[in-house]
Amino acid sequence: MKLQKALKLTRDLFLPEAIDDPWLEAEVILMHTLEMRREELYLRWGEELPQDVMPSLMENIGQRLSHKPAVYIIQSREFFGIELWVDERVFIPRPESEILVSEALTFARGLHLPRIADVGTGSGALALALALNLPSSLIYAMDISASALQVARINAQRHGVGNIHFLQGDLLSPLPGAVDIILANLPYVGGEDFSALPPEVSLEPREALYGGEDGLGVISRMFSQIARPPQLMLVEIGMGQAGRARKIAQKYFPEAEIDLVCDLAGIERVVKIAC
Ligand SMILES: C[S@@+](CC[C@H](N)C(=O)[O-])C[C@H]1O[C@@H](n2cnc3c(N)ncnc32)[C@H](O)[C@@H]1O
């Protein structure tokens, strides 16, 4: 069978299974299995599919048909221009979280030796993006999940980053001292939405997604741990949570200036608290 036909057959298997972008997903699975870049796949698509890749191709297709996200199959994700190792131990970084990074970078560039806490670091995506762009910063990457921190450490090692301290514990409790910026992409999916998650998302770690019945429980609890607020806090929220999140922030930080930052789809996505 030629590569072109293998691609079409894979797409045809994905189509009836309600897999979004079945053609793109088929490309990703083939590129990964054949260890080819997209342009190579298309340049060589008149060639025969090597027989020895059939078992791994069938395995990868089977996993995708069982709704395992393609990112977990290829174990890679690009975030803020950085290639990350990502597997089932961690949440898959999303492009909307790049707003937290760009807002933090803009602010931190005006500081001498900025100290930053990334609460709920997961794969280390935010911490790494900041560490690579702010080499003179000190970053605390914290998570309650020991296995998530293993992945974050792998990513720091792969990128040769030395200015991140990894700390395990509940929210801000492991933080050893004051910081200038707190950024947090903590779980914020509420009970009703959680039970309606697409099968792919429900395969991500539960502790990365579920934010209590109203979705904002973990974020509120983090606010309640802050006795002396840092200069800036950036907290990601879900669609439709902006009004409630702003009220919670006002309750804990009545003196602060509170703004909402929209993502590219126009959804209010980040609560920005300047103290
Ligand atoms: C939505 S994921 C975000 C991961 C990463 N920051 C990103 O944007 O890709 C939330 C992370 O918060 C962590 N988490 C959940 N509850 C926590 C808690 N009480 N204390 C610290 N981390 C927590 C989860 O383990 C998970 O890694």
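Which residues come nearest to the ligand, of the 22 around it? They are Phe 91, Gly 120, Gly 122, Ile 144 and Ala 208. The model is predicted.

**Around the ligand**

- Helix H7 (125-133) supplies at least two residues of the shell.
- Strand S4 (138-143) and helix H11 (206-209) each supply at least two as well.

- Strands of a sheet pair through backbone hydrogen bonds, either parallel or antiparallel.

- Strand S6 covers residues 181-184, and both of its faces are covered.
- Ile 181 and Leu 183 are buried on one side, and Ile 182 and Ala 184 are buried on the other.
- S6 runs parallel to strand S3 (residues 115-119), joined by four bridges.
- Ala 117 has Ile 182 of S6 as its bridge partner, while Asp 118 has Leu 183.
- S6 also runs parallel to strand S7 (residues 232-236), again through four bridges.
- Leu 183 stands opposite Leu 234 in S7.
- Leu 183 therefore has a buried side chain position by the count of 20 or more other C-beta atoms within 10 Å.

- Strand S9 spans residues 268-274, and five of its seven residues are buried, so the strand is largely enclosed by the rest of the structure.
- S7 and S9 run antiparallel and are joined by five bridges.
- Met 233 has Ile 273 of S9 as its bridge partner.
- S8 and S9 also run antiparallel, with six bridges between them.
- Leu 260 has Val 271 of S9 as its bridge partner.
- S8 and S9 form a hairpin with five residues between them.
- Gly 266, in the turn of this hairpin, has a positive phi of about 85 degrees.

- Two packed helices are described by the angle between their axes and the distance between the axes.
- The axes of H7 and helix H6 (residues 98-108) come within 10 Å and cross at roughly 35 degrees.
- The crossing of H6 and H7 is right-handed.
- H6 brings Leu 100, Val 101, Ala 104 and Leu 105 to the contact, and H7 brings Leu 126, Ala 129, Leu 130 and Asn 133.
- By class, this contact has seven nonpolar, one polar and no charged residues.

**Helices H2 and H4**

- Helix H2 (residues 22-34) and helix H4 (residues 54-65) pack at an angle of about 145 degrees.
- Their axes are 10 Å apart.
- The crossing of H2 and H4 is right-handed.
- From H2, the contact uses Glu 25, Ile 29, His 32 and Thr 33.
- From H4, it uses Ser 56, Leu 57, Asn 60, Ile 61 and Arg 64.
- The contact of H2 with H4 has three nonpolar, four polar and two charged residues.

**Two loop residues**

- Ser 123 sits in the loop between S3 and H7.
- Ser 123 counts as buried because it has 27 C-beta neighbours inside 10 Å, and 20 or more is the cut-off.
- Beyond its neighbours within four places in sequence, Ser 123 is in contact with Leu 84, Val 86, Val 90, Pro 93, Val 151, Ala 152 and Asn 155.
- Gln 75 lies in the loop between helix H5 (70-74) and strand S1 (77-79).
- Gln 75 is partly exposed, because 13 other C-beta atoms lie within 10 Å.
- Not counting residues up to four places away in sequence, Gln 75 touches Trp 85, Val 86 and Asp 87.
- Gln 75 and Val 86 are 11 residues apart along the chain, and their C-alpha atoms are separated by 4.9 Å.

Technical notes
Residues are numbered from 1 along each chain as its sequence is written. This is a predicted model: local features need pLDDT of at least 70, side-chain atom pairs count only at pLDDT 80 or more; totals for chains, interfaces and linings use all residues. A residue is near a molecule or strand if its C-beta atom, placed from the backbone, lies within 6 Å of it. A residue is buried if 20 or more other C-beta atoms lie within 10 Å of its own, exposed if 12 or fewer, and partly exposed in between; C-beta atoms are placed from the backbone. Two strands pair if DSSP finds at least two bridges between them. Axes are lines fitted to C-alpha atoms, for helices over the stretch in contact, and angles run from 0 to 180 degrees between N-to-C directions. A crossing is left-handed if the near helix is turned anticlockwise from the far one by less than a right angle, and right-handed if clockwise. Two residues are in contact if their C-beta atoms, placed from the backbone, lie within 7 Å. Ala, Val, Leu, Ile, Met, Phe, Trp, Tyr, Cys and Pro count as nonpolar, Asp, Glu, Lys and Arg as charged, and the others, Gly among them, as polar.
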